[in-house]
Amino acid sequence: GSKGVFTQELEDQLRDGRIDIAVHSAKDLQSELDDDLELIAFTERERVNDVLVSFKKEISLGQSAIGNQPSQIVVGTSSTRRVALLKHFYPHIQTVDMRGNLQTRLRKLEEGQCDAILLAYAGVHRMEYDSLIREHLSLNEFIPAVGQGSVAIECSQEMEKEKREQVRALLNHPVTETRLLAERAFLRRLQGGCSVPVFGLATLENDTVSMTGGVVSLDGQTLLKHTISGLSVKPENIGIQLAELLLAEGAADILAKIKQNL
């Protein structure tokens with residue numbers, strides 16, 4: 001999708017010097033920046049899972065009603081990735097579009113517009129609504145959006161070198177940075193953007209980066225997913241290789257159809 005208006009406003013202020021840094025949720029930041037801007041830090045990553053949030057205590061995606069028929073629950077989300085994965089793994093679940101900040105979504109939930117909402121754990125946890133989390137979704141099914149759980153720090157290339165180095169020294173988490181460099185390269189190669197159902201998660205162990213990523217069609221019928229590993233010295237290469245593997249298997253056609261419908 002196109003760059004959000006808030007991202008554009010922040011970047012305009014970076015350029016004219018009104019602000020030194022812009023702070024973004026890494027998962028909502030476009031994979032390609034203009035040449036005069038750069039990311040200088042990624043904060044330590046929170047738990048990456050999606051979570052099911054509800055005021056109803058006994059609720060889960062897989063819950064069953066009487067007999068073997070799954071119960072009909074309505075889940076709110078504004079994420080095409082979450083909607084597509086729900087259609088793939090839990091086709092009986094109805095979804096409704098749910099937008100706004102966390103408090104707005106919780107108000108809509110309380111008003112009964114849906115039974116539960118799907119959110120990133122990081123945001124729910126940071127806003128101290130952990131008591132409403134009913135289920136941490138499995139990473140085998142709900143692989144998160146690229147960058148989920150980390151905050152990205154953006155600045156202008158014109159930023160004073162000493163100031164840039166201080167910000168980086170204070171905020172950057174090297175392990176998270178390595179993981180997100182792989183993930184962002186993956187998304188950039190797919191030209192997926194943050195509004196299409198692409199998912200990707202890299203992990204780092206010793207000097208090895210392992211990354212699982214894929215794409216799912218909007219109707220949930222087709223899901224492509226692979227995992228590859230490689231040395232962490234150039235994590236971007238891992239993301240690019242994974243994207244190339246998926247493109248060779250038909251990801252480009254899936255993404256083209258998705259973009260026609262968005």
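**Exercise 1. Find the ring of Tyr121 and work out which charged end sits over it.**

Solution. The charged end of Arg47 sits over this ring, 6.0 Å from the centre of Tyr121. The term asks for NZ of Lys or CZ of Arg within 6 Å of the ring centre and within 35 degrees of the ring normal.

A word on the model: it is predicted, so local features need pLDDT of at least 70 and side-chain atom pairs pLDDT 80 or more, while totals for chains, interfaces and linings use all residues. Residues are numbered from 1 along each chain as its sequence is written, and side-chain values use heavy atoms, without hydrogens and water.

**Exercise 2. How many aromatic pairs are there, and which residues do ring pairs link into a cluster?**

Solution. Step one is the rule: rings of Phe, Tyr and Trp (its six-membered ring) pair if their centres lie within 6.5 Å; planes under 30 degrees apart are stacked, over 60 edge-to-face, and the rest tilted. The count comes to 2 aromatic pairs.

Step two: Phe89 and Phe142 make a tilted pair, with 6.4 Å between centres and 40 degrees between planes. Phe89 belongs to helix α2 (residues 80-89) and Phe142 to the loop between β7 (133-136) and β8 (151-156), 53 residues apart. Helices (H or I, at least four residues) and strands (E, at least two) are DSSP runs, numbered from the N terminus.

Step three: Tyr90 and Phe142 have ring centres 6.5 Å apart and planes at 25 degrees, so this pair is stacked.

Step four: ring pairs therefore link Phe89, Tyr90 and Phe142 into a cluster.

**Exercise 3. Is Phe142 buried or exposed?**

Solution. Buried means under 20% relative accessible area, exposed over 50%, and partly exposed in between (1.4 Å probe, protein chains only). Phe142, at 1%, is buried, while Phe89, at 29%, is partly exposed.
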